[in-house]
Amino acid sequence: MSQPTARKHTALPKARILIEALPWLTRHHGKTVVIKFGGNAMVDDELKAAFAQDVVFLRHAGLRPVVVHGGGPQISAQLDRHGLVSEFKAGLRVTTDEAMDVVRMVLAGQVQRELVGLLNRHGPLAVGMTGEDAHLMSATKHFAEIDGEQVDIGRVGQITEIDTGAVQALLDDGRIPVVSSIARSADAVDEGGQVYNVNADTAAAALAAALGAETLMVLTDVEGLYADWPNSDEVISKLTASELEKLLPELASGMVPKMEGCLHAVRNGVTTARVIDGRVQHSILLEIFTDEGIGTMVLPDPDNANDKAEGADR
């Protein structure tokens, strides 16, 4: 009789973990979650595989995940192979016409295809698309602001419109949309079919807002938003939109698009926006299905949130 008892005790911690996830499974069931895939998670094979497992788990747990990706490291590597310089201004990649050809090729032809393949190891789930497809994302030319001056950074777009029809149809069919952050020109007279490179953090936030998503999750290469970097590595666990807005001018340029995206999301109907460490395996599951959570959570301001923040406690 001792053997079955030992087996039960061995399995008990697993049961406890599953039970801990129950209230979160109930809360998030049927909700849309937009995940921005980036950073080390994009280039480390083990992290890529864990990310794909997490997203498929969300789908089978009754959530409706949408993945938006950039491809910074891959784009920089390919530009280097073509003898083109990688340059950034105000946290955004300067995108010449030649660079745009590389961006389009890498995002839609390399990064997206690999990610779709990883997800589809678990079943016929993922469908790749770019912001050009079915007019998903329309954009106009974006100028960076540096020291109060507008600076031309090439074929970089600012999203003006989102048509969620194709994404909604895929979600309703049980699929996982995987979206590359390229947008079509919003200019109706643009005969040349101009396309724009859109920052993936910005694209994910705009799509999350347009979909009325429950959550925007941004994977990055830090633990979250630091309270006093570089003097301290203490991570801010939770803050409101107004609190975040006050911090924006002090942030490092690479964090600005991520945190601006979180701010846009929660001010446009998304219940929570979270910046999490993509270097941690299964960070998505830890954030959504555990009591502690990891990373930084941004909430709407209390006067705008109504009862949205209910249940968002850590």
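R267 is partly exposed at 37% relative accessibility, a class that lies between buried (under 20% relative accessible area) and exposed (over 50%), with a 1.4 Å probe and protein chains only. This is a predicted model: local features need pLDDT of at least 70, side-chain atom pairs count only at pLDDT 80 or more, and totals for chains, interfaces and linings use all residues. Residues are numbered from 1 along each chain as its sequence is written, and side-chain values use heavy atoms, leaving out hydrogens and water.

The protein has 10 helices and 13 strands. Helices (H or I, at least four residues) and strands (E, at least two) are DSSP runs, numbered from the N terminus. Of the 314 residues, 49% are buried.

**Salt bridges**

The count is 15 salt bridges. Each is a side-chain nitrogen of Lys or Arg within 4 Å of a carboxyl oxygen of Asp or Glu. Three of them are listed here.

| Pair | N to O distance |
|---|---|
| K31 and E214 | 3.6 Å |
| D201 and K258 | 3.3 Å |
| R267 and E245 | 3.2 Å |

R267 sits in the loop between helix 8 and strand 12 (272–277), and E245 in helix 7 (residues 241–247). They are 22 residues apart. E245 is also partly exposed, at 40%.

K31 lies in the loop between helix 1 (2–28) and strand 1 (32–37), and E214 in the loop between helix 6 (200–211) and strand 10, so the pair ties together parts 183 residues apart in sequence. K31 is partly exposed at 33%. E214 is buried at 16%.

D201 is buried at 5%, and K258 is buried at 12%. Shared partners join K36, D201 and K258 into one salt-bridge network.
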